[in-house]
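Subject: Structure handover

Hello,

Here is the structure for your files. My notes on what was found in it follow below.

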Amino acid sequence: MRRSALPVPLLFPMLVALAAALAAALVAALLVAPTARAAESADRAERRTPVVLVHGFGDTAASLDGLEDHLHAQGWLSSDLAEFGYDWAATNDSNAARFGAFLTERFGSRPVDVVAHSMGSLLTRKYLKDGGSYRVRAWVSLGGPNHGAGDAAPCGPFATFCDIHAASLADMTPGSPFLNSLNAGDETPGATRYTTFSSTCDQQIPPGDSRAPRSTELAGAVNHVLPVGDSGCPSHYGLLGNDWVRRQIVAEFSKDPVSQVDLKTGPFRITVDSARFSSSGESGPELYDGLTLTTDGTARSLWRRDRSGATAFPDHDPWFGLDDSTRSQVFTGRATVTAYLVDADYSAGNNDDVMAAGRVHWDPALGFGRFTAKMNGVDGGETSVTYTVTPAQGVPACRVRVDQAELTYFDDGTTRPALYGDIAVRTGDGARTAVWSRSGSDPSTFPNQGNRTNPDPYFYQRVGSGTTYGPGPFEIGVFLWDYDASSADDLVARGTVAWDPYTDQPGTRTSEFRGDDGGHVKVTWTALCP
């Protein structure tokens, strides 16, 4: 049936009302649109090529903090800035290999820019020479001994001494096999843009040193010899903080393309799950200084000792003695984990060595999940800190139940193990609760399923009594020793397993932990979520 048209007297008021409504909607849209665009821009940021900073001989990654802060102030995301710490006493060949692994570990396949101070120039150039130039867009050398360091010349007749005490010194000797190989052929290989800075006021690598003349400069690079313009005349270490040099670095790196990256919105919660230390060249270092967690500009100590209280590093402790009151924080901007661990070498004539130093940042461009911050130093020292970042709100209030633990194998060659230590749970609120615990003065055999006796090494322990612990994220740690009255106690099993309600699924699973003498412990646990 055909519909009747509205009479004109009724139609006109409706058109007027419709026009008024449309005008009001347009005004509202104009008022709201800037706010919406602002919110969108607040959730996105410019992403530039990551910059990796590399220190020199005798230094640590901490010497790079000032330059890193400057680049952050110039617009780089903190998560796109990295300090590469390394054992400066080792060879540049070995450190070049580690540098390549570090780039992949930190930035995957993304291209990077590099600033290398002093000897850092040699190990990074070695990486480029060996084929790494495909992923380095721009490389900058600050006072690099690219053709040798005159002060290292005595290593020529005393090469064996240098190899034993600091192999990299032998590498820096003018005319060394390492430098001859590094500088053979093309000194600036690949598509990388090369820039060098040297200063006539540099006392370590002076351009006029007859033993290594114009050492920093490279054929094919843009070479700056200071003073020039308003650069002043910086020292060797002054090159790192020189304003003119910093402007040139920013200008060079700003030639790279810029992309956009989504940012997570806060507030956030960071929980430091665990920390580890290892060293390939020092047995039982007695460490001082410590670990720090900084959120929104406020620094809090995670672990600290002064030199008089230096202690054998508790690498057997699955949580490295972390301070529970600081390891979980709510914040809105960025978080930084900093390490500075020094070995108090009380032997006459030996200097204290920085076994691990540096810092690693999290910012909203990285997103949520579990991360590991690694920081290195001399003697193969490495601190590895695992942390989890989640939204501070809206995460399920999950809990964990430790169902059972089983010592599946241990053989000390004589008796059934007498265990002490604990199996414990650490939760997101900072609490640490032992599910099973014995002291060293009162060890206990794990209750023994079916009355098994030695030499059968299989034991079984039900733990927890159905108790749940939370809220998450949480971590289970195992730290079990065998008491032996006639010899040193053996570490049966140690380690941790972490779970986070934002990144992991609930359910039951079994985790395995190992130690000395074939020690093997299985822990079955269940994550429960509403």
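Strand β19 (residues 419-427) is mostly covered, with nine of its nine residues buried. Here buried means under 20% relative accessible area, exposed means over 50% and partly exposed lies in between, with a 1.4 Å probe and protein chains only. Helices (H or I, at least four residues) and strands (E, at least two) are DSSP runs, numbered from the N terminus. Both faces of β19 are covered: one side has L419, G421, I423, V425 and T427, the other has Y420, D422, A424 and R426, and all are buried.

Before the rest, the conventions. This is a predicted model, in which local features need pLDDT of at least 70 and side-chain atom pairs count only at pLDDT 80 or more, while totals for chains, interfaces and linings use all residues. Residues are numbered from 1 along each chain as its sequence is written, and side-chain values use heavy atoms, with hydrogens and water left out.

Pairing of β19

Two strands pair if DSSP finds at least two bridges between them. β19 pairs with β23 in the antiparallel sense over nine bridges, and A424 has G477 as its bridge partner in β23. β19 is also joined to strand β20 (residues 432-438) by six bridges, again antiparallel. In β20, W436 stands opposite I423. The two strands β19 and β20 form a hairpin with four residues between them, and G430 in the turn has a positive phi of about 95°.

Aromatic contacts

The structure holds 16 aromatic pairs. Rings of Phe, Tyr and Trp (its six-membered ring) pair if their centres lie within 6.5 Å; planes under 30 degrees apart count as stacked, over 60 as edge-to-face and the rest as tilted. F84 and F99 have ring centres 5.3 Å apart and planes at 70°, so this pair is edge-to-face. The pair links distant parts of the chain, since F84 is in strand β3 (residues 81-84) and F99 is in helix α3 (residues 92-107), 15 residues apart. F84 is buried, with a relative accessible area of 0%, and F99 is buried at 0% as well.

F474 and W499 form a stacked aromatic pair, 5.1 Å centre to centre with 15° between the planes. This pair also links distant parts of the chain: F474 is in strand β23 (residues 474-482) and W499 in strand β24 (residues 490-499), 25 residues apart. Both F474 and W499 are buried.

F84 and F99 also belong to one aromatic cluster, together with Y86, F102 and Y127. Elsewhere, R48 lies over the face of W76, at 4.5 Å from the ring centre. A charge sits over a ring if NZ of Lys or CZ of Arg is within 6 Å of the ring centre and within 35 degrees of the ring normal.

Backbone

Most residues other than glycine have a negative phi, and most peptide bonds are trans. A cis peptide bond joins L226 and P227, with omega of about 10°; P227 is in the loop between β7 (222-226) and α8 (238-241). The bond from G266 to P267 is also cis, with omega near 5°, and P267 is in the loop between β8 (259-262) and β9 (268-278).

S118 is not a glycine but has a positive phi of about 55°. S118 is in the loop between β4 (112-117) and α4 (120-129) and is buried, with a relative accessible area of 9%. D289, also not a glycine, has a positive phi of about 65°. D289 is in strand β10 (residues 286-295) and is partly exposed, with a relative accessible area of 23%.

Cavities

How many cavities of 30 Å³ or more does the structure hold? There are three. On a 1 Å grid over the protein atoms alone, a cavity is a set of points where a 1.4 Å probe fits but cannot get out, and lining residues have an atom within 4 Å of a point. Grid points are joined across faces, edges and corners, and a volume is the space filled by probe spheres set on the points.

The largest cavity has a volume of about 60 Å³. Of the 14 residues that line the largest cavity, the closest to its centre are E83, G85, A357, K374 and M375. The elements giving two or more residues to this lining are β3, α3, β15 (353-362) and β16 (369-376). β15 provides the largest share, four residues.

Regards

Notes
1 Å grid on protein atoms, 1.4 Å probe; cavity = no way out; pocket = protein on both sides within 12 Å on 5 of 7 lines; lining within 4 Å.
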